[in-house]
Amino acid sequence: MRRLLFVLIYMSTQVIYGQKISTAKPWTYWWWMGSAVTKNDITAQLTYFEKSGLGGVHIIPIYGVKGYENKSIPFLNADWIDIMQFTVREAKRLGIGVDMTTGTGWPFGGPNVSPAIAAKSMSVDGGKFVTELTNQKVKRSAPGGEGLVLDPFHPKAMSSYLSRFDSAFANVRDRPRSMYNDSYEAYGANWTVDFEEQFNKRRGYNLKDVLRFLTDTTRNIEADRVRIDYHQTLAELLRERYAHPWTQWSRERGFLTRYQAHGSPGNLLDLYGEADIPETESFGTSRFEIPGLRIDPDYSIDQFGTPNPLAMKFASSAAHFYGKKLVSSETGTWLANHFKVSLSQIKPQIDELFTAGVNHIFYHGTTYSPSSEPYPGWLFYASTNFGSSSHFAGQFSLLNKYVQQCQERLQQGRPDNDVLVYFPIHDLWATPGKSAGGVHLLEVHHVDRWLLDLPFGKLTTKLWKEGYSFDYASDLQIGKLRVGKNGELSSGHAVYKALLIPSSTYMPQETQKHLISLAKAGARIVFENNLPSRVTGYVLGEKRQKVFNGEMKALEKMAGVSVTDDWREALGKYGAGPETLSQKGLTFIRKKGVDGQPYYFISNLGNTFKEDWITLNSTGVYEKFDPMAGTSQIASRKARDKREFFLSLAPGQSCFLNPIAGSAEVPFVKNEYQELPITGEWKFKFLNGRPAFSEIFKLNALDSWTLLSDSAEYFSGTASYETTFSVPEHILADKTFKLNLGDVREVASVKINGQHVGTAWCIPFELTIPSLLLKTKENLLEVEVTNLSANYMRLRDRQVPDWKKFYDINIVDITYKRFDALNWKPMPSGLLTPVKLVYY
């Protein structure tokens, strides 16, 4: 009998305040514009979310809508608390969870933030401190949430800020599951009222005496050490006075916490570690080499960078190290310009997040919009529209079902990474800061500024591309490691075969002591190229440097410690080798199931792999689970000292490989794929959409329907294609059939001989056809295609531009310019290439 790896779906549900909610289903940001919300519309939208397959919502009050000023509800007043509790109750009735931001807009701040506890900046002028308020206001704040941004380093600012929430929630029974803290965007904040005192206490000297080093550009050792001390102090204050008290306050009041630590000047690993659910962010569009995958040409101005899995792994690494079951991500933020995002563009971005360790997707997102509002309703400026007015609303459930199938399996597993990579943040801190206030902000948009150019970034890029499974560790986490059998390292929740130290210059003496202790206990430690040569800390720097040098020499001689430029060989000796999946062009994550057996999620995000024999570092027999098509066996054979599996995975596809009981090999049968083009005349007509058309066309070839007439180039909605085809009798017997729809813009629902065979919504646009459904002659093929809403918005923006009526930033494009669809070119729509019957 086969081992049932997923008998129980672990952690796919939570019970919060008596409410059973799904964490396997994707959740969504839900912006309340001006909090001008009503109970009827809340119920209607929650019902849409439930029917679409969402598991939860995240309430974020933001700026308001012109004409709705009298209907806005000030944040945290009695009416707002009442409508929030109603939302939680309605969501509970529908099996939906609710999170909320501890504030409005971002970052934390508001009307109860006085200048005394507001964000502050420091600069050096003439050898003296110059301190002042940053005067930054809460971005995109909602009514009742306006005000100065909180000082993230202040000793009492967080407790003072949270007192407002204590008052508002004093008698609240129906509470959200989790509180949320958005990415750090306190620009220019680099000081607080007692910074000098804290710096002296923690670093052992007066910062005033060495101010010249903060502005030094010669990179001498003394200046480097002062800069490190300065950043170290900021990082400690941020964690101790901002992240930690917020998470503690939340837990004491029954809330979980979701925390976006990125963008901050602290060590992300330590900050993410404070939260129950560390959250990363996928902003913009990746450049996957998947044939047919469209990249919005408006991104030719690459002002945000691209999503990077190495940045995403900071959140998942902290979760793995501390045993946190959920890792979330803000997903689909400005994936393309408004009205231009397709489901086929969303899926590979989610797959990349899954391989980086994320297992709790939050779409970015949906906007509360009254049912009485004309199309397109209310929209948030920096998002993909996942709401009911989206052009893919009718097929949204298909994406959600896919995400749920994946997250059920990803959430049940434990991390199974071989290598723990030390993050030498002090080398970054030693350099002059590039951001406002002279500090390094570790943000996800431009990882080239702080991650990729470091030896750490170059090393982890190689690890990622070559197929090593790894997590990151901070100095604080190094001190928590223990050595197990055979020299393996344990965090108490995750086990690693070796610790890898990238080529680096600076290291704290405390970290060195921990490494020596680990080495004495038998740990396997690999230094890339060299040992760190300089100790951190300005006080008694040269005296401590001599001690540091001696200890490093002793460490180098210890058993299990390697200093080498061939770190691959060193890791290989400890059994920490790469998976050859990456060499094939595949991306993966390996986890362990409830039975301790490794399993894999694999995604083909490139164009170098279609099908081939693969090997795994894990032993045993595996079967393939396609989250959209179900389970199938894969051929296996013994090859040398490993077992090989024949995997078919087209560009854009993903699957799980799950272990099964037994060792019997599945015989390999080479499939000879053949194609039968479907030729002949097509009957074409527009169905539901904007503007309305009733004209019928006869097509001899397939191309964009925008070419049919001047009016057709404005149509957004669904159109139908109909034709008949024959299948030679000798082909029908003992064949597996697929319908290849070619280039689809954007979603295609297919019937053959009156029977629905599926909806193709992602690359590759293929559907399996039951063989008994086909006959030799007069097979009726009906295809309904839904395109994007961009073409209609070209007309809508000309005829009725008054839908853009929002305060603050209103609605802008992905280059932050005023949104204007008038000059957009028509986007290709419909079936663009010949349709083929594929059989083998």
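Does Asn529 count as buried, partly exposed or exposed, and at what relative accessibility?

Author: Asn529 counts as partly exposed, because its relative accessibility is 44%. Buried means under 20% relative accessible area, exposed means over 50%, and partly exposed lies in between (1.4 Å probe, protein chains only). A word on the basis. This is a predicted model, in which local features need pLDDT of at least 70, side-chain atom pairs count only at pLDDT 80 or more, and totals for chains, interfaces and linings use all residues. Residues are numbered from 1 along each chain as its sequence is written, and side-chain values use heavy atoms, with hydrogens and water left out.

Now the place of Asn529. The residue sits in the loop between strand E23 (525-528) and strand E24 (534-535). Helices (H or I, at least four residues) and strands (E, at least two) are DSSP runs, numbered from the N terminus. The backbone of Asn529 has a phi near 70°, a positive value in a residue other than glycine.

Contact means heavy atoms within 4.5 Å. Ser503 belongs to another loop, between strand E21 (498-501) and strand E22 (506-507). Ser503 counts as buried, because its relative accessibility is 18%.

Follow the chain on to Leu540. This residue lies in the loop between E24 and helix H15 (541-556). Leu540 has a positive phi of about 50°, although it is not a glycine. Leu540 counts as exposed, because its relative accessibility is 54%.

Ser654 is another serine to look at. It lies in strand E33 (residues 654-660). At 4% relative accessibility, Ser654 counts as buried. Its side chain makes polar contacts with the side chains of Tyr402 (2.5 Å) and Lys347 (3.3 Å). Beyond four places in sequence, the residues in contact with Ser654 include Asp351, Phe601, Asp626 and Leu649.

Two peptide bonds deserve a glance. The bond from His364 to Gly365 is cis, with omega near -5°. Gly365 is in strand E14 (residues 360-367). The bond from Tyr375 to Pro376 is cis, with omega near 5°. Pro376 lies in the loop between E14 and helix H10 (396-412).

Last, the whole. The protein has 18 helices and 45 strands. Buried residues make up 61% of its 840 residues. Among contacts with a separation of 6 or more, 79% join residues 24 or more positions apart. The C-alpha atoms fill a box of roughly 90 × 75 × 50 Å, taken along the principal axes.

How values were computed
Polar contact = N/O pair within 3.5 Å; in protein donor to acceptor, adjacent residues only side chain to side chain.
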